[in-house]
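Please examine the model shown below.

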Amino acid sequence: MLARWNQAAISDRAARHTRCNGLQRLATSIVAGERALDLLSVNGAEGARWRPFEPDRPPLGYASFYYADDLAALPVRAVTRIKDNKSDPNIETGTYGLFSTCQERMRAGIVKHGASHLFFFARPRGAERHLTGMYELAAWTPGALGADAGDFALAAGGVRFIAPIPLSQLPSELATALGTRWRLSKQLSAAQTHELAALIAAKPDMTSDYLLEVDRLERLNKFHSGYRYPTWQREDPWTWADAAAYMRPADAAAGGARVSNASPTGWWGCEACDAAIENGALLKACPSCRKLGTLRPLNAPAVARIVRSS
Ligand SMILES: [Zn+2]
């Protein structure tokens, strides 16, 4: 019995080692700026839907806040957040909004204005806001919920995450501008964009460490629930192989409706398969039937009916 356990532990370690190398290679290709080429060519017909931003456009950045994972050594997105596992910023693919419904208004603004950079901020373990990294934006596409619903996915040509810097330790003008009250996103000036991008570019690149941390948290979820993303009923990490499934048009049952990103009860009902699921934010795909755009908020009486009948 002991020998068998040891054998399993050894093969698990070997698998993990291979996985780590894979992540390192992924990080290297991101740093080498090859992701834009990947997304525009590897995805075949789906890749053709990506539209490149003008490469020589003037600098225009957005500051974006995300929930950091309380269990993480580095402030990656809140993968283990209970009943609200976060998939963005999805640094594994260098995308934002491809898989989640987070910050729809910001994504629409970025596409409308042709923004060049997306800068990320988070509160590591409840501390003050810190600057954590950036995307150099390369391309966009209408998201699964459609351009009419204001849903766009963004893809980066460059991804760089760094040792987090507290806002108060940024150069004084940036600290003042970013220290004013803003909640989820803020449009920046050309000068602020230029300065933040230069500041991040000058710091050691820790993207591969962030990728490993995402993987560690996902495995923690999987150990406890069987899923890397429990409320999504998702067992696997995110890769570009998932892009095609999320770039299909929404299911006919979705009816082209614009759906609120919040449910008063935290419960959602599927128009296609009638499943009821619990998750903090609206999910693009129904965890049960995998159709896109079919979830609707459930009100308290509807949830009470489900609880009574279960
Ligand atoms: Zn469904």
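In this predicted model, strand β6, spanning residues 152–166, is mostly covered, with 12 of its 15 residues buried. Strand β5 (residues 130–142) pairs with β6 in the antiparallel sense over 11 bridges, and within this pairing Ala139 has Ala155 as its bridge partner. Strand β3 (residues 95–96) also runs antiparallel to β6, joined to it by 2 bridges; here Tyr96 is partnered with Leu154 of β6.

Helix α4, residues 104–113, may be considered next. Its buried residues are Met106, Arg107, Ile110 and Val111. Viewed down the axis of α4, these buried residues fall within an arc of 135°, and they therefore line one face of the helix. The exposed residues Arg105, Lys112 and His113 are carried on the face of α4 turned away from the buried side. The buried residues pack against several strands, namely β2 (61–65), β3, β4 (117–122), β5, β6 and β7 (185–187). After α4 comes Gly114, with a positive phi near 60°.

The largest nonpolar core contains 69 residues, of which Val76, Ile110, Leu118, Phe119, Leu137 and Leu154 touch the most other members. Strand β6 supplies the largest share of this core, with 8 residues. At least three residues of the core come from each of domain 1 (18–241) and domain 2 (250–309). What surrounds Leu118, leaving aside its neighbours within four places in sequence? Leu118 is in contact with Gly61, Tyr62, Ser64, Tyr96, Ile110, Met134, Tyr135 and Leu137.

The loops hold some backbone features of note. Most residues other than glycine have a negative phi, and most peptide bonds are trans. The peptide bond from Asp88 to Pro89, however, is cis, with omega near 0°, and Pro89 is placed in the loop between β2 and β3. Lys83 lies in the loop between β2 and β3 and has a positive phi of about 55°, although it is not a glycine. Because 12 other C-beta atoms lie within 10 Å, Lys83 is exposed. Arg290, in the loop between β9 (276–278) and β10 (295–297), is another residue other than glycine with a positive phi, near 70°. Arg290 has 13 other C-beta atoms within 10 Å and so is partly exposed.

Terms used:
Residues numbered from 1 in each chain as written. Predicted model: local features only at pLDDT ≥ 70, side-chain atom pairs only at ≥ 80, totals over all residues. Buried ≥ 20, exposed ≤ 12 C-beta atoms within 10 Å, placed from the backbone. Helix = DSSP H or I, 4+ residues; strand = E, 2+ residues; numbered from the N terminus. Pairing = 2+ DSSP bridges. Arc of directions from axis to C-beta. Contact = placed C-beta atoms within 7 Å. Core = buried A, V, L, I, M, F, W, Y, C linked by C-beta atoms within 7 Å. Domains from an automatic or database assignment.
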